[in-house]
Amino acid sequence: MIDIQANLPALIVVIPLLGGVMATFTGRGVLPWAWASLVTGATFALTLRMMATLLQSGAPYISYELGNWPRWWGIEYRVDLLNAFILLVVAGVGFITTLYARESVGDEIPKDRHNVFYAVWILAITGLLGITITGDAFNVYVLLEISSLTVYALIAMGKDRDRRALTASLRYLILGSVGASFILLGIGYLMMVTGTLNMEDMHNQLMRLANLDTNRTVLVAFAFLLVGLSLKMALYPLHMWLPKAYTYAPSAVSALLAATATKVGVYMAFRFLFGIFGVGFSFYAMPSHLILLAMASLGIVFSSLAAIRQHNAKTLLAYSSVGQIGYIVAGFSLANPDGVAGSIVHIFNHAVTKGGMFLALGAIAYRVGGTEIADLRGLARRMPLTCGALALGGLGLIGFPLTAGFVSKWYLVKGAFGADMWGLAVVVLFGSLLALVYVWKLIEAMFFGEPTGRTAEAKEAPLSMLIPIWILVGLSIYFGVDATFTGETATRAAAGLLGGAP
Amino acid sequence: MSELLGIYNYWIYVVLMMIGFYGVIAKKNLIKQAIALGLFQTGIFLFYISMAVVDGGTAPIWTTIGDGSIKALGPYDNPLPHVLILTAIVVSVSVLAVALAIIINIKWKYGTIEYDEIAAMDRASGGGDDD
């Protein structure tokens with residue numbers, strides 16, 4: 001019998017890895033979906049238990065050496081408060097979107113491909129969980145490619161509804177591979193200097209270098225990693241792959257990606273910038289905080305402006321995602337406790353808010369057949385619960401008080417003033433105004449338009465879709481009213497990050 | 001000068017990678033883009049292999065010598081990057097496979113693999129969203 005408690009960190013990755021491969025053999029019908037729900041549900045339960053174990057133990061982190069190889073030779077999985085939190089977000093959103101996927105995927109993907117779809121779907125979640133849990137730099141690259149390859153395939157599966165899914169997926173594949181290759185190069189250069197792949201050892205070796213700030217190999221590693229990570233987390237102006245990929249992907253896939261994929265990219269940036277290079281190098285010796293802040297601010301403004309111009313609600317939300325990544329990046333590049341905590345809180349808040357909104361759009365696509373804003377006109381009369389969820393999520397994007405978005409922006413603005421960056425506070429407020437404009441576009445269409453054509457015949461979404469939508473949107477409201485758990489976790493995780501050790 | 005020539009492996013890696021990078025950006029044929037991507041990643045393999053080299057090193061073979069103890073045959077190259085790059089080669093092959101699978105589907109749905117023609121068809125079909 002396997003000792004679940006002792007092997008918890010490994011099981012979080014191993015169970016979906018095996019479950020994903022086995023999903024290929026589940027045949028047709030409802031079985032692939034049921035299997036996927038079971039596997040992602042079990043994984044979510046494990047991450048919950050992981051979080052509980054960590055909180056109970058009171059230790060700063062739990063280390064797990066795969067195959068009992070000492071961590072400097074083998075691969076170490078290390079769970080601290082930060083990645084336990086991110087694991088919870090990824091596995092939780094993964095589970096809820098899987099529950100939702102049945103009707104939506106049944107509608108959008110041909111029946112004979114469901115087993116393959118869910119296999120790839122579970123493997124994508126596996127990759128994201130693996131990146132988050134591992135303490136080994138090369139392992140990050142391998143799992144990054146697992147999650148990326150599966151995501152390319154998931155996006156391409158939108159081809160039966162719109163062939164542009166294929167070009168969107170190929171574009172993401174090429175840019176994503178270039179980004180991942182840069183990360184691989186950066187890890188290689190780091191290994192040349194430190195002779196190790198373990199993140200903690202890397203950090204210790206780097207700190208031992210007398211000429212860290214001028215060592216050319218370290219500088220090259222830093223540059224490659226910064227560009228590669230920015231591509232992966234879709235930081236403006238390296239976001240060009242994102243809007244089309246989210247627009248043409250199957251609805252459930254858009255929700256999963258928007259909620260988790262770029263967030264895990266941000267998590268990698270945490271690990272590399274704060275954990276391996278250390279705050280002193282990343283944000284004081286190097287001017288990266290200025291570069292990141294500038295890119296983030298430009299991203300907030302320009303992608304919100306781009307969102308306002310869109311005719312398709314999905315593309316609108318995709319551009320809004322690029323802007324929200326801007327908030328997250330701006331938060332951690334302040335490198336002060338409030339900023340970093342805001343960044344971590346916003347990872348969670350944006351995951352539930354945007355995940356819920358993409359799910360609601362999926363329900364609309366299921367009933368109406370499209371997500372053009374013209375299709376949304378007057379839809380609130382036909383699908384009040386779905387539209388209500390979309391509107392509430394929209395308020396969260398604006399950062400309306402009593403929504404989760406407000407909490408993150410509060411932290412961000414506090415952090416900006418703490419760092420004497422009042423300019424950023426202005427950008428955050430201006431970004432919220434722009435968000436108001438594009439969210440209003442949706443609300444106006446849904447609540448004040450006249451339904452025509454297919455919209456007029458639409459029925460309310462089925463319960464199997466409404467429940468997941470409202471779980472996510474409900475969470476975004478709940479953690480807006482009572483942000484004790486998220487706020488405290490993020491503050492403690494931020495203190496850990498700024499403390500230095502990975 | 002000898003310093004520059006002594007690290008010629010690294011020069012080759014950078015040149016290979018940049019040829020690939022140029023191809024990814026400049027080529028309009030999707031297959032050529034995929035090949036260029038492969039070249040780009042191959043350059044990185046060379047980089048990893050080059051950094052494992054030890055002066056006068058051989059293969060990392062440990063064997064029993066006269067008195068029964070186990071020793072290496074001599075100084076040997078670092079085997080770890082070789083192992084890592086085996087993994088990366090597998091990844092690169094998979095990326096190429098997924099890319100080709102998508103390109104085949106593009107050929108089926110669009111009837112062409114020229115990026116310009118595909119973009120023109122997308123614009124014609126009313127995808128009004130801009131980049």
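Analyst: Let's get one term out of the way: a crossing is left-handed if the near helix is turned anticlockwise from the far one by less than a right angle, and right-handed if clockwise. Helices (H or I, at least four residues) and strands (E, at least two) are DSSP runs, numbered from the N terminus.

User: Okay, and what am I looking at?

Analyst: This is a predicted model, where local features need pLDDT of at least 70 and side-chain atom pairs count only at pLDDT 80 or more, while totals for chains, interfaces and linings use all residues. Residues count from 1 along each chain as its sequence is written, with chains lettered from A and ligands numbered from 1 in the order they are written.

User: Fine. So which way does the crossing of α17(A) and α18(A) go, left-handed or right-handed?

Analyst: That crossing is left-handed. The axes of α17 (residues 404-418) and α18 (residues 422-448) of chain A come within 7 Å and cross at roughly 155°. Axes here are lines fitted to C-alpha atoms, for helices over the stretch in contact, with angles running from 0 to 180 degrees between N-to-C directions.

User: How do α17(A) and α18(A) lie to each other, then?

Analyst: They're roughly antiparallel. The cut-offs are under 35 degrees for roughly parallel, over 145 for roughly antiparallel, 65 to 115 for roughly perpendicular, and oblique for the rest.

User: Which residues meet there?

Analyst: From α17(A) you have Lys409(A), Leu412(A), Val413(A), Ala416(A) and Phe417(A), and they meet Trp422(A), Leu424(A), Ala425(A), Val428(A) and Ser432(A) in α18(A). Two residues are in contact if their C-beta atoms, placed from the backbone, lie within 7 Å.

User: Is Trp422(A) buried or exposed?

Analyst: Exposed, with 11 other C-beta atoms within 10 Å. Setting aside neighbours within four places in sequence, Trp422(A) touches Ala416(A) and Phe417(A).

User: Where else does a positive phi turn up?

Analyst: Asn68(A) has a positive phi of about 60° although it is not a glycine. Asn68(A) lies in the loop between β1 and β2 of chain A, and with 7 other C-beta atoms within 10 Å it is exposed.

User: Tell me about α8(A). What does it cross?

Analyst: Helix α8 (residues 216-232) and helix α10 (residues 251-276) of chain A have axes that come within 8 Å and cross at roughly 160°, so they are roughly antiparallel. That crossing is left-handed. Leu225(A), Leu229(A) and Lys232(A) in α8(A) meet Gly265(A), Met268(A), Ala269(A) and Phe272(A) in α10(A).

User: Which elements do the buried residues of α8(A) pack against?

Analyst: They pack against α6 (164-194), α7 (199-208), α10 and α12 (288-308) of chain A. The buried set includes Phe222(A), Phe224(A), Leu225(A) and Leu229(A).

User: Switching topic: how about Val340(A), buried or exposed?

Analyst: Buried, with 28 C-beta neighbours inside 10 Å. Val340(A) is in helix α14 (residues 337-368) of chain A. Leaving aside neighbours within four places in sequence, Val340(A) is in contact with Gly331(A), Phe332(A), Ala335(A), Ala494(A), Leu497(A) and Leu498(A).

User: Last one: how many residues of chain B are in contact with chain A?

Analyst: 30 residues of chain B are in contact with 28 residues of chain A. On the chain B side, α3 (30-51), α4 (79-110) and α5 (115-124) each supply at least two residues, and α4(B) gives the most, with 14 residues.

Terms used: A residue is buried if 20 or more other C-beta atoms lie within 10 Å of its own, exposed if 12 or fewer, and partly exposed in between; C-beta atoms are placed from the backbone.
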